[in-house]
Amino acid sequence: MSSVPRLVIAAPSSGSGKTTVATGLMAAFAARGLAVSPHKVGPDYIDPGYHALATGRVGRNLDAYLCGPELIGPLFVHGARGCELAVVEGVMGMYDGAAGEGELASTAQVAKLLRAPVVLVVDASSQSRSVAALVHGFASWDPEVRVGGVILNKVASDRHEALLREALDAAGVPVLGVLRRAPQVDTPSRHLGLVPVAERRAAAVEAVAAMGAQVSAGCDLEGLMALARSAGALSCAAWDAAEALVSSPPPPLPSPTLGFARAGGPPSSLGAAPPDPHRPERPRPQTPDGLKIAVAGGPAFTFSYAEHTELLTAAGAEVVVFDPLRDEQLPDGTRGLVIGGGFPEVYAAELSANEPLRKAVGALAESGAPVAAECAGLLYLCRELDGRPMCGVLDASARMSERLTLGYRDAVALSDSVLAVAGTRMRGHEFHRTVVEPGSGAAPAWGVRAPDRRVEGFVQQGVHASYLHTHWAAEPGVARRFVERCRTS
């Protein structure tokens with residue numbers, strides 16, 4: 001049973017100021033000496049970096065599409081353990097979720113799963129009395145969602161504030177904060193959203209401090225804390241990486257056909273796939289034995305979920321972070337490599353210039369050691385990115401594109417790999433403005449079932465490279481299999 005006080009920060013639409021308010025609240029309460037647990041609804045990797053600056057704790061995602069609604073409570077309790085307050089930043093508009101899936105993965109659904117009151121952040125810059133109709137509509141749309149108050153953002157003047165408050169008095173939703181326009185809290189954006197903290201740390205520290213000061217001055221922190229304490233108790237156990245490894249089910253039996261055409265051929269028959277000799281049915285978590293897995297970090301590779309490292313560690317690995325922009329060699333004794341998402345296109349020249357590391361990554365992959373690469377990692381493993389040499393592990397070329405690829409994906413593993421056996425179904429997320437040609441190898445990583453049907457990614461030797469971001473808490477066997485392959489390769 002968890003009764004940690006908590007608030008969900010939602011908005012009618014993107015761009016209303018959720019990140020400013022949520023991060024500012026985290027910073028304001030942390031400055032008062034409270035242990036604040038930061039969370040973000042959805043797959044976004046960037047906002048949690050700002051949350052971590054505000055609280056001094058790891059920012060964690062709560063994604064009901066990637067992980068399933070049943071894991072939202074346990075993952076929340078895991079992240080909030082030992083804290084006095086939890087602040088959950090929503091995604092998009094409050095009722096917006098996975099396309100065509102109703103409320104799934106929406107802020108409203110997560111608020112209900114957490115039994116948490118909602119604070120609605122409204123951009124009031126172009127309205128006065130109409131704000132009451134807007135707030136009333138959001139508060140009454142779903143009776144299971146409790147909108148406990150509103151914070152008015154971008155209010156122009158005292159007169160404007162008076163008009164807004166007068167209108168909201170009639171709506172019966174208390175005003176818990178009023179924020180004026182404040183350029184000092186703005187954070188720069190580019191082709192995939194906010195610039196990550198790792199790329200502008202000093203400026204980000206100043207921006208987060210400004211957010212905290214603005215929220216402290218303009219919001220009723222006592223009223224917000226009282227609202228947070230009104231959250232209902234959660235009767236679920238905290239997610240635990242070691243327990244998740246033990247209780248995760250065995251891999252699926254190979255399917256005779258998955259209905260996807262592989263590159264250059266008809267649908268693959270997987271019925272004769274041999275049993276996996278490296279995959280114990282239900283192993284206990286391993287005691288660390290010096291097995292070292294290198295994880296790419298630094299400004300070019302900032303996208304990762306905290307639970308991935310926790311699962312690798314629980315499976316017996318020593319996780320060592322390195323920076324491909326600075327380090328010329330992989331950590332000594334590396335047995336496996338994880339390269340997550342980020343912005344290699346921004347740092348293509350620097351990554352290319354680090355030839356010693358590119359050669360080290362290529363040699364590790366050539367040796368058959370397990371390598372898991374997602375999105376940015378996929379680009380880094382290609383022959384080239386925007387004409388600059390990369391690691392050359394994959395016979396593919398990557399380039400920037402004007403087209404944004406964004407959305408949830410329902411996928412199935414098409415090839416046995418260091419992450420999954422063929423037939424494993426997982427949900428993922430794509431978010432990039434790049435193109436890889438060809439888009440898949442002779443052994444594709446995934447068959448994307450929805451929203452379109454296509455194959456993508458590469459499986460070769462110990463390499464699994466794909467655009468798809470996945471959340472391993474949904475399928476802990478991925479981490480267990482990867483560590484076992486590192487141990488036996």
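Two strands are taken to pair if DSSP finds at least two bridges between them. Helices (H or I, at least four residues) and strands (E, at least two) are DSSP runs, numbered from the N terminus. The structure is a predicted model, in which local features need pLDDT of at least 70 and side-chain atom pairs count only at pLDDT 80 or more, while totals for chains, interfaces and linings use all residues. Residues are numbered from 1 along each chain as its sequence is written, and side-chain values use heavy atoms, with hydrogens and water left out.

An open sheet is formed by six strands in the order 13-12-14-15-23-22, with mixed pairing. Strand 13 (318-322) and strand 22 (458-460) are the edge strands, each pairing on one side only. From one strand to the next the twist averages 15 degrees; axes are lines fitted to C-alpha atoms, for helices over the stretch in contact, and angles run from 0 to 180 degrees between N-to-C directions.

Within this sheet, strand 12 (residues 292-296) runs parallel to strand 13 and is joined to it by five bridges. Ile293 stands opposite Val319, and Val295 has Val321 as its bridge partner in strand 13. The β-α-β crossover that leads from strand 12 through helix 10 (residues 306-314) to strand 13 is right-handed, that is, with the strands pointing away from the viewer, the path from the first strand over the helix to the second runs clockwise. Strand 12 also runs parallel to strand 14, with four bridges between them, and Gly336 of strand 14 is the bridge partner of Ile293.

Five of the five residues of strand 12 are buried (under 20% relative accessible area, with exposed meaning over 50% and partly exposed in between, for a 1.4 Å probe and protein chains only). Lys292, Ala294 and Ala296 lie on one side of strand 12, and Ile293 and Val295 on the other. Helix 14 (residues 477-488) lies across strand 12, strand 14 (334-339) and strand 15 (371-374), at about 145 degrees to strand 14; contact here means heavy atoms within 4.5 Å.

Strand 4 (residues 85-89) has five of its five residues buried, so it is largely enclosed by the rest of the structure. Leu85, Val87 and Glu89 point one way from strand 4, and Ala86 and Val88 the other way. Strand 1 (residues 6-10) runs parallel to strand 4 and is joined to it by four bridges, with Val8 opposite Val88. Strand 2 (residues 36-41) is also parallel to strand 4, through five bridges, and Ser37 has Ala86 as its bridge partner.

The count of salt bridges comes to 21, each being a side-chain nitrogen of Lys or Arg within 4 Å of a carboxyl oxygen of Asp or Glu. One of them links Glu307 and Arg60, whose closest N and O atoms are 3.1 Å apart. Glu307 lies in helix 10 and Arg60 in strand 3 (residues 60-62), so this pair ties together parts that are 247 residues apart in sequence. Glu307 is buried at 1% relative accessible area, and Arg60 is buried at 10%.

The count of disulfides, defined as pairs of cysteine sulfur atoms within 2.5 Å, comes to zero. The sulfur of Cys391 is 9.5 Å from the closest cysteine sulfur, in Cys382, which is too far for a bond. Cys391 counts as buried at 11% relative accessibility.
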